[in-house]
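Q: I have a protein model open and would like to learn how to read it. Could we go through its features one at a time?

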Amino acid sequence: MKSTMMAVPLSLNHLLERAGTLFGGNEIVSRLPDKTLRRHSFAQYHRRTRSLAAALLNLGLRKGDRVATLSWNHHAHLECYFGIPAAGGVMHTLNLRLAPEEIGWIAADAKDRFLVIDDVLLPLYRQFAHLYNFERVIVFPFSGAPVPAEFDDYEALLAAADPDGFNYAPHDENDPVAMCYTSGTTGRPKGVVYSHRSTILHTLVASLGDFWGLRGTDVVMPVTPMFHANSWGMPYGAVMMGVKLVFPGSHLHPEDLLDLIQQEPPTLALGVPTIWMSLIQAYDASLSTGSPNWGRWQLPRGMKSLVGGAAVPEALIRAFDRHGIWILQGWGMTETSPVCTISYPRAELREASQDERYRRAAMAGVPVPLVDLRVQGDEGPQPWDGQSVGEIQVRGPFITGSYHEVPREAEKFTPDGWLRTGDVASVDALGFVKISDRTKDLIKSGGEWISSVDLENALMAHPAVAEAAVIAIPDPKWSERPLACVVLKPGQTASPEDLGTHLAGHHFAKWQLPDRYEFIDAVPRTSTGKFWKMKLRERFPA
Ligand code: ADP
């Protein structure tokens, strides 16, 4: 017997057409470099995106050609998300926070044919232009200034193209639509290539009620960069549901974000913990009467926020909840589209105490549908008992099975076809994953593991601590010992003894406590805004 269902391929083009047909009146708001707001309707967005696709075909784009983007979060980047695949191309988001040499290397590795770039990022382009020759460089006049004559003008190309005469490139659901490189914190960056099918499935799953819970009335502010891990896939979900979007552009300082939240209050905002930490500190500081920002902002109560990309400290979840904002934590990686788990209040937690809810919210969460997850120990898969620890391995239709033009390495994939994430975790009986570390950040002391994440979360719960990162330093007797690098809040003090006493109240065994504290000005950040422990290890080698 055969199924009678149509073999219609899953396709991003369907989402774009749907947005144009159904949601034409909804808004896409972008903050420009001069901080003014630019508004487009979804009807304009739909026409402009079709124009972009037609323009790329006019330039000779062929199926499977890579078109790189080097852009902040704004409407034109969203046009690339759908317009490049609509023309049969593959959008390759370049990470503007990487070193110029690395960007040039990645563009060469991907063999990008065209580049779409914000005019404000041309100084960065000029630093790697000698490393790789794009056939066309298309400049988006984000600042409004005229585009230098040596480049193609994005707006002029769109104006010359015919959106009505454009026809979608024929495609299969497994054809590629986008690619993104891993950050290369553990080796050379590697390309991950997403398909129509993987992207649609990921979008549908992530949008479900317990996760993003997208509704047509939502106002979504993605602070997560569109140049990394598809901004967690939110651009696709937002177009699918026609929700109002508010893009922060290049202005990511806490005061700028708070101003934007004030102007265009979101119902859902996405960001990484480091940015959310500085945001809540700036907000809380503005509430004291002596503050120059007193009364300037009001956080939207009832807003939902998705935070992930690194462990979310419980103290951060509590700090937002004090203002009526609930944080949902997600875990995933470039290789996984990226959402794999989300921590949400399961039915079993309905009667749970508030402390228990916070504790769960500070975990990585429960695997989303279509993701198989196991915790692999030395002796095989570990039981979901909340105790047994091993490497997280995942499998599913939106998880990469290889890397772009890299031979399949045993280091990244198991013989039975699971992705090795390099994250060490346990899972409890309710399916909540608790990440204790990345393999390379684990601290091994006297044959026992110490979780740096647990120590950091406990330290960040101390009222005087703004940020904390714990690293391993070599020790002749114990092999490694934890060293805590601590950033204090402005005007606050705490001694190593205070912090030791505070940690001792958090159920740590004595041997797990750091025996050294370093007070630093700031924790160095990676290109994706995470704590960069490698830099701390270099700074404190012993
Ligand atoms: P990179 O960190 O090298 O930039 P990715 O952006 O793909 O690469 O990040 C994936 C990694 O981020 C995961 O393997 C994990 O270590 C970390 N991560 C993501 N979300 C969380 C989370 N909620 N808790 C702890 N770690 C997380």
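A: Let us begin with a single residue in this predicted model, and ask what surrounds its atoms. Leaving aside residues up to four places away in sequence, Ile117 touches Leu70, Leu122, Tyr125, Val137, Ile138, Val139 and Phe140.

Q: Which residues touch the most other members of the largest nonpolar core?

A: Ile117 is one of them, together with Leu70, Phe82, Leu115, Tyr125, Phe134 and Val394, in a core that holds 178 residues. The largest share of this core, 8 residues, is contributed by strand 24, which covers residues 465-475.

Q: How should I read a sheet, and in what order do the strands of the open sheet lie?

A: In general, the strands of a sheet pair through backbone hydrogen bonds, in either a parallel or an antiparallel way. Here 5 strands form an open sheet in the order 18-17-19-20-21, with antiparallel pairing. Strand 18 (380-381) and strand 21 (433-438) are the edge strands, each pairing on one side only. Within the sheet, strand 17 (residues 372-377) and strand 19 (residues 390-395) are joined over 5 bridges, and Leu373 has Val394 of strand 19 as its bridge partner. Val394 is also among the core residues that touch the most other members.

Terms used: Residues are numbered from 1 along each chain as its sequence is written. This is a predicted model: local features need pLDDT of at least 70, side-chain atom pairs count only at pLDDT 80 or more; totals for chains, interfaces and linings use all residues. Side-chain values use heavy atoms; hydrogens and water are left out. Two strands pair if DSSP finds at least two bridges between them. Helices (H or I, at least four residues) and strands (E, at least two) are DSSP runs, numbered from the N terminus. A nonpolar core is a set of buried Ala, Val, Leu, Ile, Met, Phe, Trp, Tyr and Cys residues joined through side-chain atoms within 4.5 Å. Buried means under 20% relative accessible area, exposed over 50%, partly exposed in between (1.4 Å probe, protein chains only). Contact means heavy atoms within 4.5 Å.
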